[in-house]
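Please look through the structure below with the following paragraphs beside it.

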Protein chains: 2
Amino acid sequence: MPASVTACDTCCAGDLCLFAEGLTVGAGEWERIVQPHGEVRAGRRLYQRNSPLKYIYLVCSGCIKTQRDTPDGSLVISGFHLPGDLLGIDAINNDRYTADAVATVDSEVCRFDYAQLLTHCASHPKIAAKMMTHVTRYAARKDEELAWTMGLNAQRRVLRFFLRLHDSICLQGRSDRETVRIPMRKQDIAHYLRMTPETFSRNLAALRRDGLLELQKNHFVFPDRGLAHAITQI
Amino acid sequence: MPASVTACDTCCAGDLCLFAEGLTVGAGEWERIVQPHGEVRAGRRLYQRNSPLKYIYLVCSGCIKTQRDTPDGSLVISGFHLPGDLLGIDAINNDRYTADAVATVDSEVCRFDYAQLLTHCASHPKIAAKMMTHVTRYAARKDEELAWTMGLNAQRRVLRFFLRLHDSICLQGRSDRETVRIPMRKQDIAHYLRMTPETFSRNLAALRRDGLLELQKNHFVFPDRGLAHAITQI
DNA sequence: CGGTGTATTGAAATTAGTCAACAGAGGTGG
DNA sequence: CCACCTCTGTTGACTAATTTCAATACACCG
């Protein structure tokens, strides 16, 4: 049994980890498939767009952004991946990663050998089912992003972003009223929300003026979560 | 063996059909899981948002749109599903359909009992793998939509829509230079592309003026496919 | 204490949305 | 077969939102 098993006990991925169900440890099975809890420093790249799919990753702590730069020199952030999220799903369909993956803060990830994992899925339906859960969750999230990100004006997109970020982080055991740290740069958020950093900044200022969001440095909290939630529901 | 097996031989879903791989016909297996090639008339609803997931559908011919109306009375089209597409994937994650599914033209769909299919997946890895292919393809498409639909201005979104529609339809055996029919209303396209029907109409007119798209009635063709493709690459 | 990258703010320019009028297609009944 | 109606799509003038360009402030790090 690997040394990291105790680390897994406290990993916030919890139920979402592929090991939580069905995969027996020992006989080299574990070691062939997974390299647990690797560190990724802020700014380091985990994988590169267009490189062949070799591993998928489970985020254990921190935050990984996926991005691609466009021919005209601008940058598109396709997602922020927080603890519990599987990374590399976008590559499954075409065997190549569709974006660069870069840590926005110091992070930890577990690395799974995809080919080995697939072999395993054929004989372990529970792991296959868990994979399916991850992928459909991923699809559902993209669906939702597509539905909301474009349906709302800039100000509501900003508000919604912080609401969802708050949700995600509070799922990891933090209280609802606690102020939480923003684990990425503001311009990354702006690009993710498909607006210029200027527009983002202006709307953030407006949200503070209206008392919908309290923010200082890189920390924020919602004075009235219910109200904020209501506003982003179109 | 069901009467519809001959119909399947000519179905354009082809390789994407869940039966193309691994599921043996006979012993009631087929009949329990699938109702093949049902008709859906234009405007009829296949399933309703928020109703519990019971079936998933494979589009064999025609076009099914998925949509939801917002509290403020407007309509959001989340996707158009053409032959070969699996319908209802969005429901897998939360056991309820997240949108209404409505046929935009007379269509044909095969209906799969989801619970039975899942059971089957546990014992038939090949079907599980095919399901995974569908789901990851769905996710990849959403990813792409999210990346492009928002990154481009209105005119390029319109152009890109027709390019992709053209691609999809030409995959079904039609020639590249053939004029193809638009299988949905223009206002549905507009909503799908997140713009008003007016904006859509204006940009369509602009594309015709610029000679990028030939369009008459409900049929279109690209005078210069390469150019159009280059323009939509940001 | 500067220097670099990041964030904010202001004014002008561009894009898309809104409101309103009109045109065309398709269907129904006389 | 035509008149009428309705739904859909087009076009124009105006308004609102967002981007762009430019200048300035702030924070982190050597």
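In chain A, strand β4 (residues 64–69) is joined to β5(A) by 6 bridges, and the two run antiparallel. Strands here are DSSP runs of E of at least two residues, helices are runs of H or I of at least four residues, and both are numbered from the N terminus. Two strands pair if DSSP finds at least two bridges between them. Within this pair, K65(A) stands opposite F80(A) in β5(A). The hairpin of β4(A) and β5(A) has 5 residues between the strands, and G73(A) takes a positive phi near 95 degrees in it. Strand β5 (residues 75–81) of chain A is largely enclosed by the rest of the structure, because 6 of its 7 residues are buried. Buried means under 20% relative accessible area, as against over 50% for exposed and in between for partly exposed, with a 1.4 Å probe and protein chains only.

This is a predicted model, in which local features need pLDDT of at least 70, side-chain atom pairs count only at pLDDT 80 or more, and totals for chains, interfaces and linings use all residues. Residues are numbered from 1 along each chain as its sequence is written, chains are lettered from A and ligands numbered from 1 in the order in which they are written, and side-chain values use heavy atoms, with hydrogens and water left out.

Chain A also has an open sheet of 4 strands in the order β1-β8-β3-β6, with antiparallel pairing. Its edge strands are β1 (34–40) and β6 (86–87), each of which pairs on one side only. Strand β3 (residues 55–61) of chain A is joined to β6(A) by 2 bridges, and L58(A) stands opposite L86(A) in β6(A). Helix α4 (residues 114–123) of chain A lies across β3 and β8 (107–113), at about 60 degrees to β8(A). Contact means heavy atoms within 4.5 Å; axes are lines fitted to C-alpha atoms, for helices over the stretch in contact, and angles run from 0 to 180 degrees between N-to-C directions.

Now to the DNA. DNA strand D is surrounded by 16 residues, the closest being A154(A), T199(A), R202(A), R185(B) and K186(B). Sugar and phosphate make up 69% of the atoms of DNA strand D that come within 4 Å of the protein. A residue is near a strand if one of its heavy atoms lies within 4 Å of it. An N or O atom in the side chain of T199(A) is 2.6 Å from a phosphate oxygen of DNA strand D, while one in the side chain of R202(B) is 2.9 Å from a base nitrogen. α8(B) gives the most to the surface near DNA strand D, with 4 residues.

DNA strand C is surrounded by 15 residues, with R185(A), R202(A), A154(B), T199(B) and R202(B) the closest. Sugar or phosphate holds 63% of the atoms of DNA strand C within 4 Å of the protein, and bases hold the rest. A backbone N or O atom of K186(A) lies 3.0 Å from a phosphate oxygen of DNA strand C. Polar side-chain atoms also take part: that of T199(B) lies 2.9 Å from a phosphate oxygen, and that of R202(B) lies 2.9 Å from a base oxygen. The largest share of the surface near DNA strand C, 4 residues, comes from α8(A).

Conventions: Polar contact = N/O pair within 3.5 Å; in protein donor to acceptor, adjacent residues only side chain to side chain.
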